[in-house]
Amino acid sequence: MFLDYFFYLKEILPVSITEFMTLLEALDKGLIKNTVDFYYISRSILCKNEHHFDIYDIAFVNYFKDAGLDFPEDIKQEIWEWLQTNESIFRMPGALKEFFQNMSPEELERQFRKLMREQDGEHNFGNLWIGTQGQSKFGHSGLNIEGFRIAGDYGMQNAMRIAQKRIFKDYRKDLVIDTRRIKVALKRLRKLDEIGKKNELDLPKTIHETGRNGGDIELIFNKKKKNNIKILLLMDVGGTMDIYIHQANLLFSAANNVSHWKDFKYYYFHNCIYNYLYENAARNTDEAIEFEDFLKKYDDSYRVIIVGDQTMHRSELVTPHGAIYDDASNKKPGLYYINEIAKHFKKNVIWLNPEPVRDDWMTWTKMKIAQIIPTFHLTIGGIENAMDYLRTGGKNHYTTVDILKDVPLALF
Amino acid sequence: MDATFNKFRGDIKTETVKYLADPQLRNIVNVSIALGRPLLVKGEPGTGKTMLAHAIALSLGKRLIIWNIKSTTEAIDGCYMYDTVQRLNDSRFGCEDRDVDNIHDYITFGPLGEAFDSEEQVVLLIDEIDKADIEFPNDLLQELDVMEFYIKETKEFIKAKTRPIVVITSNNEKELPDAFLRRCVFHWIEFPSKAFMADICNLHYPNLKENLLEQCLNHFYALRAITKMRKLPSTSELLDWIGVLLKSGITIEELKRGVPFLGVLIKKEKDIEIAIEKLKFPT
């Protein structure tokens, strides 16, 4: 059976039993006649994302390399039965061995598995740097076989060679970030309000009224219901946030693409919010809104999502002119602005922190901010909780504000 | 070997549909038909995802039912619609064609319902599934899995008389849910190689001179190599462009000097600027 191949793939790609059964069905029905068929059809059935094709290619080569070197008897029998037309696959290891002679197979295997694990783990969060760096690392380790040439006696119709071309390599670089789950989480924030003209037929009421009317039709119209949620996204950029930039981008692109919001505005800040909020990540003062104007422009009907790691020096929060960059020149301490936001937006503001939000021990600045603004961890679960909080106006939510309420925090 | 296997030939040439599928795609189409699984097709815009369904229907001599997905489409729209307002109206004013007491007269099938109801097997194209709400594909799981749906007004199950051949296209605007993907066979339409592209062009313009085609393809692939462009020209644009060139009666010498009618190939103003810049100072 091909169970080994399945489990091998399962470690590095999200393949399911359903899909494996489908592949067996294809084999059973005789749809796969040779290794080339096997390569394409198994890819179509097991691999549902073109971004995974490259990983599949590597896995395919790697597995059948192993399979050729050390092939358990029962698998061999299976393979022979339906791979009859293409035996060159079993001659491949020689060429590969030659190619990898500078590296022990164990080392290669280890590198490969490590990369795949990272790639997959990061892909759930879709981290871009793995896509490129991981690949180059792997290239360095010797499996980047772009220029790999095989002795001429292998026919063109060879699945290994197709896989080895790795034509889908580029698709990995621009890994489309998996924003789907974030979008689903964000969609929890929904508040349907009636808007516009009365032009939607209310069927139950129409029937009821028609009945009361002795059968004369009485049409009852309603206003259309539309999501009336307005969102403000404030994002910390630069410095310690650099390592979380991808997570922040994921959230931003998801929020930006959730089209059902009535309004979506975003601003940037660095470390703490001071007297300016910036319209782009470069934080130019000429494209910024002053804090007072910001509060005037957006009333408390907006839901505010602040993203930041709350990591900074204490003085950035508590001393006037504490901002570590000149443009801010804040006359008031950072905490003033945080408090103002909390006061202005009341229960409609939350903070998402890419670092774990703990209730036992956190750094001083994290605790201080989380005491004022309910803070959630920037994970799918955290976003879900945060959206529930915003939807219900904080009802029945026990947040960091409650947890840290009585924790005494000395200024210095 | 299953006798019904290998039905889709992959090269179609009729008045309205000219289509050439590479061997892998042809193979996958036949596998998905044999397995009775929906085929999910993705690929760059303009690589003939929608045309594929037309080609399959023509090649197999089956009726094609198209379900165009829009942002407001819901799963139930594809199954059936119960026209209560019409019924209410008929109950008051009467109607000769319909019987008010018979609820069936007020239920019309959507594309999915029509496909299930057909005596003969049909090809069902669910076009641009990613346009709909992100929950939409999940609402279709049951329908596509067991090929049946429930009409709650009549308490009836509508079961497919013959399992339709389902082709689903996506432009990658939204990620599709895993549960949905598990049930599909997936194919990514690769962008055609130069040689294969020449075959496609010859299929559409059989009288095209070889050196002219060669020059067209050179220009085309040179443009596609400009990675800065936001939207690269695709097969459909190339075919349109060649059509325009032939109509204009351009000579090979003129074509060698530059790229006329650039606007047919490139649709974005910014991209045209980039392209002109690159063509002037090729690196």
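Reader: How many aromatic pairs turn up over all chains?
Author: A search of the whole structure gives 34 aromatic pairs. Rings of Phe, Tyr and Trp (its six-membered ring) pair if their centres lie within 6.5 Å, and planes under 30 degrees apart count as stacked, over 60 as edge-to-face and the rest as tilted. One of the pairs is Phe6(A) with Phe7(A): the centres are 5.4 Å apart and the planes at 65°, so this pair is edge-to-face.

Reader: Before going on, what kind of model is this?
Author: This is a predicted model, in which local features need pLDDT of at least 70 and side-chain atom pairs count only at pLDDT 80 or more, while totals for chains, interfaces and linings use all residues. Residues are numbered from 1 along each chain as its sequence is written, chains are lettered from A and ligands numbered from 1 in the order in which they are written, and side-chain values use heavy atoms, with hydrogens and water left out.

Reader: What about Phe252(A) and Tyr266(A)?
Author: Their ring centres are 4.8 Å apart and the planes stand at 80°, so that pair is edge-to-face. Phe252(A) belongs to helix H13 (residues 245-257) of chain A and Tyr266(A) to strand S4 (residues 263-269) of chain A, so the pair ties together parts 14 residues apart in sequence. Helices (H or I, at least four residues) and strands (E, at least two) are DSSP runs, numbered from the N terminus. Phe252(A) is buried at 15%, and Tyr266(A) is partly exposed at 31%.

Reader: Which residues do ring pairs link into a cluster?
Author: The cluster takes in Tyr267(A), Tyr274(A), Phe291(A), Phe294(A), Tyr298(A), Tyr302(A), Tyr336(A), Tyr337(A) and Phe345(A).

Reader: Which ring does Arg224(B) lie over?
Author: Arg224(B) lies over the face of Phe191(B), 3.4 Å from the ring centre. A charge sits over a ring if NZ of Lys or CZ of Arg is within 6 Å of the ring centre and within 35 degrees of the ring normal. In chain A, the charged end of Arg43(A) sits over the ring of Phe53(A), at 4.0 Å from its centre.

Reader: Where is Arg224(B), and what does it touch?
Author: Arg224(B) is in helix H10 (residues 210-224) of chain B, and at 15% relative accessibility Arg224(B) counts as buried. Leaving out residues up to four places away in sequence, Arg224(B) touches Glu44(B), Phe191(B), Leu232(B), Pro233(B) and Ser234(B). Contact means heavy atoms within 4.5 Å. A polar atom of the Arg224(B) side chain lies 2.9 Å from the backbone oxygen of Pro233(B).

Reader: Switching to the interface. How many residues of chain A and chain B are in contact?
Author: The contact involves 38 residues of chain A and 36 residues of chain B. The buried area is about 3300 Å², with carbon and sulfur atoms giving 59%. Buried area is the accessible area (1.4 Å probe) that two parts lose on being put together, summed over both.

Reader: How many salt bridges cross the interface?
Author: There are 2 between chain A and chain B. A salt bridge is a side-chain nitrogen of Lys or Arg within 4 Å of a carboxyl oxygen of Asp or Glu. Glu25(A) meets Arg37(B) at 3.2 Å, N to O. H3(A) gives the most to the side of chain A that touches chain B, with 6 residues.

Reader: And Glu50(A)?
Author: Glu50(A) forms a salt bridge with Lys42(B) at 3.4 Å, N to O. Glu50(A) lies in the loop between H3 and helix H4 (53-69) of chain A and Lys42(B) in strand S3 (residues 39-43) of chain B, so the pair joins two chains. Both Glu50(A) and Lys42(B) are buried.

Reader: Last one: how many residues of helix H17 in chain A are buried?
Author: In helix H17 (residues 364-372) of chain A, 9 of 9 residues are buried. These pack against helix H15 (314-318), helix H16 (334-345), strand S8 (349-353), strand S9 (375-377) and helix H19 (400-403) of chain A.

Methods. Buried < 20%, exposed > 50% of the residue type's maximum accessible area, 1.4 Å probe, protein only. Polar contact = N/O pair within 3.5 Å; in protein donor to acceptor, adjacent residues only side chain to side chain.
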